[in-house]
Amino acid sequence: MKHTVITTALLLSISLMVHGDFSLQETASRQLVVVTATDWNATTGRLYTFEKMGSQWVPAGVRGKVNLGINGLAWGLGLHPDQTGLYKQEGDNKAPAGVFELGTAFGKYDDVNTGLDYQPQDEGHYCIDNEASPFYNQIVHVNDVGEDAAKESTEPMRRDIHAGDHLYDKGIIIRHNPESIAGKGCCVFIHLWRSADKPSAGCTTMEESQLDSLLAWLDKDSKPLFVVLPEKEYQENQPLWTLPVL
């Protein structure tokens, strides 16, 4: 009987066919925010930060607990290769998993301490979650697009004015679904949590002091990336995607 010898190279080739050819080493990123969850159904996770020294990811100082979607995680649309499994859909209350660029910081204040670009929000700013809108997954102002464009949206960016809470007092855009494909999920942010025991509608949320530290650490010139994965998927993809060892 003939035996097949499976070499390390063959195993790697098989893994790349399944998981996709992608590596953080091929990006320009020098800052990384990592969130891991126990499994796809977890509503909480642990946040870690890393900065690149040479070719190595070195732990940075910001870490702690975060809340995720009410219904856990599903694959999102970002920099990572196509994956098998459940993908995020509009209204599923799942946080997107994968590798994503971080975009502009936002909030109700005139300015915050951050190395990211910052966009103050007022009562006219909305993130459009209406799938039929040409502005789907975009933050717009009613002065620019008209009142009717925001009429069907449930995502006012000044929630303190429109919704009576402070979730969006400070936040960061996660560039999930960057091509704004209708129905694939929109308006995904890092923002303040409602409380430690309340998950989000699909964002990554945290206490204010932790978000302040994260904002102050992040620098747009370092091309920061955001990684969210269940622990099993993180371990599987860590050598393939050259993720930091946790």
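The model is predicted: local features need pLDDT of at least 70, side-chain atom pairs count only at pLDDT 80 or more, and totals for chains, interfaces and linings use all residues. Residues are numbered from 1 along each chain as its sequence is written, and side-chain values use heavy atoms, with hydrogens and water left out.

**S23**

- S23 sits in the loop between α1 (8-19) and β1 (31-37); helices (H or I, at least four residues) and strands (E, at least two) are DSSP runs, numbered from the N terminus.
- S23 is buried at a relative accessible area of 11% (buried: under 20%; exposed: over 50%; partly exposed: in between; 1.4 Å probe, protein chains only).
- Leaving aside neighbours within four places in sequence, S23 is in contact with L240, W241 and T242 (contact: heavy atoms within 4.5 Å).

**Cysteines**

- The count is 1 disulfide, defined as a pair of cysteine sulfur atoms within 2.5 Å.
- C127 is joined to C187, with an S to S distance of 2.1 Å; the torsion about this S-S bond is about -95 degrees, so the disulfide is left-handed.
- The pair links distant parts of the chain, 60 residues apart: C127 is in strand β8 (residues 125-127), and C187 is in the loop between β10 (170-174) and β11 (189-192).
- C127 is buried at 2%, and C187 is buried at 4%.
- The sulfur of C186 has its closest cysteine sulfur in C187 at 3.6 Å, too far for a bond.
- For C203 the closest cysteine sulfur is also in C187, at 8.2 Å, too far for a bond; C203 is buried at 7%.

**Pockets**

- A pocket is an open set of points on a 1 Å grid over the protein atoms alone, where a 1.4 Å probe fits, with protein on both sides within 12 Å along at least five of seven lines; lining residues have an atom within 4 Å of a point.
- The largest pocket holds about 420 Å³, a volume being the space filled by probe spheres set on the points.
- Of its 28 lining residues, E155, Y168, A201, G202 and C203 are the closest to the centre of the largest pocket.
- The second largest pocket has a volume of about 250 Å³; of its 15 lining residues, L102, R175, K220, K223 and P224 are the closest to its centre.
- Strand β6 (residues 95-107) gives the largest share of the second pocket's lining, 4 residues.
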